[in-house]
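Morning, everyone. Please have the sequence and the structure open while I talk.

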Amino acid sequence: MPEGDTVWQSARRLHSALADKVLTRSDLRVPKYATADLTGRRVLDVTPRGKHLLTRIEGGLTLHSHLRMDGSWKVYAENQRWTGGPTHQIRAILANADSTAVGYRLPVLELLRTTDEHKAVGHLGPDLLGPDWNPETALANLLQDPARPLGEALLDQRNLAGIGNVYKSELCFLLGATPWLLVGALPADRAAQLPALAKKLLEVNRDRPVRSTTGRRGQDLFVYGRAPRPCLRCHTSIRVADQGDGSRERPTYWCPTCQTGPAPSPHRRAPSATLPRTSRRTTN
């Protein structure tokens, strides 16, 4: 799933291609909006909100999209070949005289009144890369359920918006806590560091084509995607297991030496050989 920094990059590309230009083509390929025609309207801006994208359009309209696991927006110059996937996976096309933005495999695509954006993103906590970022509120949100595992709390976008599975694992490593440690058991000094650390990780990566949390070239991540390779700090084998609230399980990585706290039962361990590395990401 794209994380906050990746969505921020997508918004920047879309804004650069579409903002302050009149649409010469619009095609929303979802049944509810199949007859909607935005042609002739000017795109005002494209704004990220956590993992959501808000494309604001003249006339008080907003096209809301969410990429989830497989979605993407690609931007193409005039006469450039589209390479984002087969035609049947296209969900949206927005074009002007210079560029065409194509949305592939978008699981969420809806046309809203701009005044109703809160219906799509109003539930989100402070955005790590947004103007509403508030570390005190983010920390208070995380601490309000002390009996919840830290990894699950970090992924809950109602607490703070922008963290996905990669940053969840990396943050827990940097905090020295397993993702299964209860939020209330996280030492107060580490809890106080969490909001600033999370913001720093996303900010330093929002302009990078290759995500890095280590600062080491060729060794981009501390734990995510690295099982069963040795920990970069202590050389213990990195471990992987599924973590979730029962509705969705996600592969979660940790170092059993560098991180303190509970770990899952061995039967929940996920097969590391089939899990892809995700530090590299498409920039278009």
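I will go through a sheet, some helices and a few backbone details. Keep in mind that this is a predicted model.

Start with the sheet. Four strands form an open sheet, in the order S2-S3-S4-S8. The pairing is antiparallel. Which strands sit at the edges? Those are S2, residues 43-49, and S8, residues 108-113. Each of them pairs on one side only. From one strand to the next, the twist averages 20 degrees.

Now look at one pair inside that sheet. S4 covers residues 61-66, and it pairs with S8 over six bridges. The sense is antiparallel. For a landmark, find His66; its bridge partner in S8 is Val108.

What packs on the sheet? Helix H1 does, residues 4-18. H1 touches S2 and S3, where S3 is residues 52-57. The direction of H1 makes about 175 degrees with that of S2.

Let's check the length of H1. It has 15 residues, and at 1.5 Å a residue they should span 21 Å. The end C-alpha atoms are 21 Å apart, so the two values agree.

Is H1 mostly covered or mostly open? Mostly covered: twelve of its 15 residues are buried. Among them are Trp8, Leu14 and Leu18. Just after H1 comes Asp20, with a positive phi of about 65 degrees.

Next, a pair of helices. Two packed helices are described by the angle between their axes and the distance between the axes. H5 is residues 165-175 and H6 is residues 188-205. Their angle is about 130 degrees, and their axes are 10 Å apart. The crossing is right-handed. Which residues make the contact? On H5 they are Tyr167, Leu171, Leu174 and Leu175. On H6 they include Arg190, Leu194, Leu197 and Leu201.

Last, the loops. Between H6 and S9, residues 239-244, you find Pro228. The peptide bond from Ala227 to Pro228 is cis, with omega near 0 degrees. His235 is in the loop between H6 and S9 as well. Its phi is positive, near 75 degrees. At 59% relative accessibility, His235 counts as exposed.

Now go to the loop between S5 and S6, where Asn79 sits. Asn79 is not a glycine, yet its phi is positive, near 70 degrees. Why does Asn79 count as exposed? Because its relative accessibility is 77%, and exposed means over 50%.

Terms used. Residues are numbered from 1 along each chain as its sequence is written. This is a predicted model: local features need pLDDT of at least 70, side-chain atom pairs count only at pLDDT 80 or more; totals for chains, interfaces and linings use all residues. Side-chain values use heavy atoms; hydrogens and water are left out. Two strands pair if DSSP finds at least two bridges between them. Helices (H or I, at least four residues) and strands (E, at least two) are DSSP runs, numbered from the N terminus. Axes are lines fitted to C-alpha atoms, for helices over the stretch in contact, and angles run from 0 to 180 degrees between N-to-C directions. Contact means heavy atoms within 4.5 Å. The expected span of a helix is 1.5 Å times one less than its number of residues. Buried means under 20% relative accessible area, exposed over 50%, partly exposed in between (1.4 Å probe, protein chains only). A crossing is left-handed if the near helix is turned anticlockwise from the far one by less than a right angle, and right-handed if clockwise.
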